[in-house]
Amino acid sequence: MKRIISICLAMLATVAAAAEIDLTNATIVAPKSEHDVYADFLADEIELRTGLRLPISNKLPTGPDPMILLVQSDALNSFGVALPDGLSAPDTKEAYAIWSQKTGSSTTIVLTGHPDRGVLFAAGRMIRLLHLADKRISIDESVRIATAPHAPIRGHQIGYRNTPNAYDAWSVAQYEQYLRDQAIFGGNAIEFTPSLAEHERGPHMKKSTWEMTGELIALYDKYNLDSWIWQEIPTRVDLSDPRQAQEHLQDWRVLLNQFKGLDAVFVPGGDGGLTPAPILMPFLEKLRPVINEIIPNATLWVSNQTFEFDENDFLFDYLQKQKPKWLTGVVYGPWTKLDPIEMRERTPSEYPIRYYGDITHNVRCQYPIPEWDRAFAHGLNREAPNPRPQDTYHIFNHYAKYIPNSISYSEGVNDDLNKFIWTTLGWDPETPLETILHDYGKVFFGETESDAVAQGLLMLEQNWRGPIASNDGIAKTLDHWKNIAARSGAKIESNWRLQMYLMRAHYDAYLKIKVAQEMKYETDAYKALARAKQDGVDKAISAARESLAQIDGKKPAPEHRAEIEKLCAMLFKTIGMQLSVDPPYYASGPERGAVLDTLDYPLNNRRWLEKQFDELLKLSDNAERLARIDSIVNWENPGPGGFYDDLGNPQKQPRLVHQREWKDDPGYVDSPQCEYGFGIDKVTRAITNDRLSWLDQATTLYKTPLRMHYDSLDKTKKYRIRVSYAGRFKPTMKLTADGTHIVHDYLPQPETPWPIEFEVPAETTSDGILDLEWQISPDKPEELRHRPLNRGCQVAEVWLIPNS
């Protein structure tokens with residue numbers, strides 16, 4: 001919160017207002033007809049925000065009214081315009097300069113750029129510089145900017161397919177608006193995901209993937225921006241079979257003939273496809289001539305996602321020794337078994353690396369929310385609106401000097417802010433976060449709300465910091481966004497960004513109330529169970545059921561729920577955002593932003609407890625029944641001198657060892673993370689009966705061991721370890737104590753989670769200190785390597801219990 005306050009104070013602390021040039025009666029002049037599209041872009045964006053349409057001319061006006069001149073840097077002299085002293089010439093690709101100058105009795109705002117995309121980005125920057133209000137346009141008289149991009153590639157994957165939570169519902173016009181939004185912040189590329197299936201459609205898609213992608217590539221070409229495609233090698237294709245490999249080249253010919261305006265092709269090595277590197281690379285060597293036969297200037301890129309360690313060795317050795325000229329560059333994406341720094345170190349310098357950073361997901365992803373409260377993880381899940389200003393800023397800049405180029409991985413508009421941070425830093429990694437947030441607020445909410453929006457976005461991120469129960473900022477965040485909405489009036493009907501952030505603020509507040517209510521009911525249930533000896537087992541269970549069922553008759557926070565449902569309906573209407581699997585939304589799956597479907601998801605152990613009650617009541621022996629109840633009530637109690645860690649729950653894992661801090665390893669390549677399982681069947685949508693402690697785990701990736709450290713043990717005692725193994729990786733793991741003593745050898749994860757016990761060698765605790773380490777089996781699973789099996793260690797619960 002202190003960070004938010006300091007940022008906001010910095011925004012509000014301004015020097016005396018600069019003199020402004022009134023541009024309300026200005027003319028936009030684009031002498032080169034090729035720049036008409038840029039002039040239209042500038043005029044349209046100004047009109048959208050002011051209601052004024054500035055005239056456009058290809059000729060210089062003669063009157064006293066000001067003009068905005070769009071001109072290439074190599075043509076400045078033709079118009080009697082000279083670069084001011086001290087301003088660098090835009091003489092590198094995409095560079096631009098903006099300044100004001102007097103020309104007789106009139107004023108000219110010069111927007112000049114390197115031929116010719118620089119002119120587009122100058123026009124985009126102009127939108128961020130202008131003071132735009134109803135029927136009024138002005139700019140600071142002191143404007144003087146000369147800038148060039150840090151990274152040549154700055155874009156996002158915005159594919160027209162059924163999977164994303166919004167893009168498949170868009171029209172070409174909506175894509176064009178999002179293109180323009182990105183261009184305002186310096187974005188120059190888009191990546192499509194067409195697939196080899198020509199007629200792929202979803203319930204919201206008005207056109208086939210191929211038809212729409214072809215139109216969008218033409219649209220980007222109109223703006224002289226770059227179009228990429230992401231295309232996997234389908235798992236059904238065995239490239240080790242020469243016949244299938246040849247047939248697959250023909251598949252590519254058919255595909256590429258639909259998209260002749262393409263600039264680049266990206267073939268992922270995994271996370272889509274599973275061809276081993278020694279087979280994939282020779283195939284790509286044959287693919288490149290096919291690409292250039294159809295699209296002469298298109299480039300080819302490959303990623304090493306999900307490559308095993310030996311495949312990475314092969315890849316880097318191949319690049320070092322073969323130096324293939326057919327390969328343009330490599331891509332760093334999710335599930336790469338090394339971090340970006342090592343990737344750059346091992347890749348020959350002649351090959352650029354493109355970042356394929358996952359900025360769209362919250363859990364089960366490349367950059368999960370650090371130490372997220374499980375109520376958010378289960379309630380909002382994987383693709384809820386996730387403005388992460390500080391996290392995104394840090395992640396990008398932590399790796400920017402190693403991998404400056406980027407086309408991010410996005411599955412919808414939920415990551416909207418993150419995109420603009422990513423894009424802006426691609427242009428200039430030193431841009432202050434405060435500036436980016438201010439510009440975002442100014443461009444999409446209006447200048448009068450820019451500081452409030454910037455603060456609100458930071459507050460939304462702070463909502464997700466620490467335990468939800470003690471986060472008093474959640475209510476303040478909601479009030480803040482409600483105030484923005486109130487000041488916006490009817491504009492909220494068309495501003496989907498405002499709808500989205502207000503919905504998130506309501507949802508956070510809803511979850512805070514809901515989890516508190518449900519945990520109270522669970523506490524009441526345990527109190528009832530604790531009276532089983534006095535009241536009898538049947539009566540105790542009946543009372544516990546009644547406590548847990550209170551939520552059914554008294555739904556929490558109905559006012560927030562109503563606002564969430566209303567705002568979700570607005571988002572569907574304005575942007576096609578699919579917030580439920582049910583009609584009319586038809587999200588492609590329950591993980592795909594379907595937050596309406598988790599409004600009633602249990603945030604306590606009710607499902608697990610009721611399953612235990614059903615099983616317990618089948619027992620005939622009363623002593624056995626009471627013992628079972630005692631184990632339920634005292635589940636987390638390790639007894640005197642014992643220790644319990646609910647791994648994966650950031651509030652209950654004090655003995656978990658973090659090899660590196662999050663700021664140094666935000667992708668958790670070399671350190672543990674809290675992994676949250678999805679408690680809903682993706683097909684039937686049935687809710688699991690698992691304990692919450694089994695649905696999250698401490699998780700490490702790849703070969704990184706998972707470690708725990710104990711001290712202050714009783715040196716005279718012997719100990720046993722009780723452990724619950726769970727998680728989607730289903731790893732086979734070995735557990736050792738103090739690095740030398742095997743507690744158990746490689747053990748497959750049980751099919752059904754339940755605690756199992758092992759004796760701890762006495763010599764490992766005799767000094768009062770114990771270190772535990774889990775390692776995954778070095779054997780590769782028989783299943784396909786693109787699946788998550790055995791990707792790393794996963795442990796759900798650990799008790800260290802002194803023997804009596």
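Predicted model: local features only at pLDDT ≥ 70, side-chain atom pairs only at ≥ 80, totals over all residues.

**Aromatic pairs**

I began with Tyr-178 and Phe-420, and I found that both are buried.

I then counted the ring pairs over the model and got 39 aromatic pairs. One of them joins Tyr-96 and Trp-427, a tilted pair with 5.4 Å from centre to centre and 45° between the planes. Tyr-96 belongs to strand β5 (residues 96-103) and Trp-427 to helix α12 (residues 416-427), so this pair ties together parts that lie 331 residues apart in sequence. I checked burial here too: Tyr-96 and Trp-427 are both buried.

Back to Tyr-178 and Phe-420: their rings pair edge-to-face, at 6.4 Å centre to centre with 80° between the planes. I placed Tyr-178 in helix α4 (residues 172-184) and Phe-420 in helix α12, so to speak two distant parts of the chain, 242 residues apart.

Which cluster do the ring pairs build? I traced one whose members include Tyr-167, Trp-170, Tyr-175, Tyr-178, Phe-185 and Phe-420.

**Charges over rings**

Phe-444 came up again when I looked for charges over rings: the charged end of Arg-497 sits over its ring, 3.6 Å from the centre. I noted a second case, with the charged end of Lys-703 over the ring of Phe-309, 4.3 Å from the ring centre.

**Asp-665**

I found Asp-665 in the loop between β18 (643-646) and β19 (673-676).

**Helix α20**

Next I took helix α20 (residues 558-575), which has 18 residues. From its first C-alpha to its last I got 25 Å, close to the 26 Å expected at 1.5 Å a residue. Among the buried residues of α20 I wrote down His-560, Arg-561, Ile-564, Leu-567 and Cys-568. Met-570, Leu-571, Thr-574 and Ile-575 are buried in α20 too. What covers the buried residues of α20? The cover includes α4, α15 (473-488) and α16 (496-529). Just after α20, I saw that Gly-576 takes a positive phi of about 75°.

**Two prolines**

The loop between α20 and α21 (606-616) holds Pro-584. I checked the peptide bond from Pro-583 to Pro-584 and it is cis, with omega near 5°.

Pro-348 lies in the loop between α9 (340-346) and β16 (353-355). Is Pro-348 buried or exposed? I have it as buried, with a relative accessible area of 5%. Leaving out neighbours within four places in sequence, Pro-348 is in contact with Leu-319 and Gln-320.

**Positive phi without glycine**

Last, I looked at backbone angles. Asn-224 has a positive phi of about 60° although it is not a glycine; I placed Asn-224 in the loop between α5 (209-222) and β12 (226-230). Its relative accessibility is 33%, so Asn-224 counts as partly exposed.

Lys-730 is not a glycine either, yet has a positive phi of about 45°. I found Lys-730 in the loop between β22 (719-724) and β23 (732-737), and at 46% relative accessibility Lys-730 counts as partly exposed.

Technical notes
Residues numbered from 1 in each chain as written. Heavy atoms only, no water. Phe/Tyr/Trp six-rings, centres within 6.5 Å; stacked < 30°, edge-to-face > 60°. Helix = DSSP H or I, 4+ residues; strand = E, 2+ residues; numbered from the N terminus. Buried < 20%, exposed > 50% of the residue type's maximum accessible area, 1.4 Å probe, protein only. Lys NZ or Arg CZ within 6 Å of the ring centre and 35° of its normal. Expected span 1.5 Å × (residues − 1). Contact = heavy atoms within 4.5 Å.
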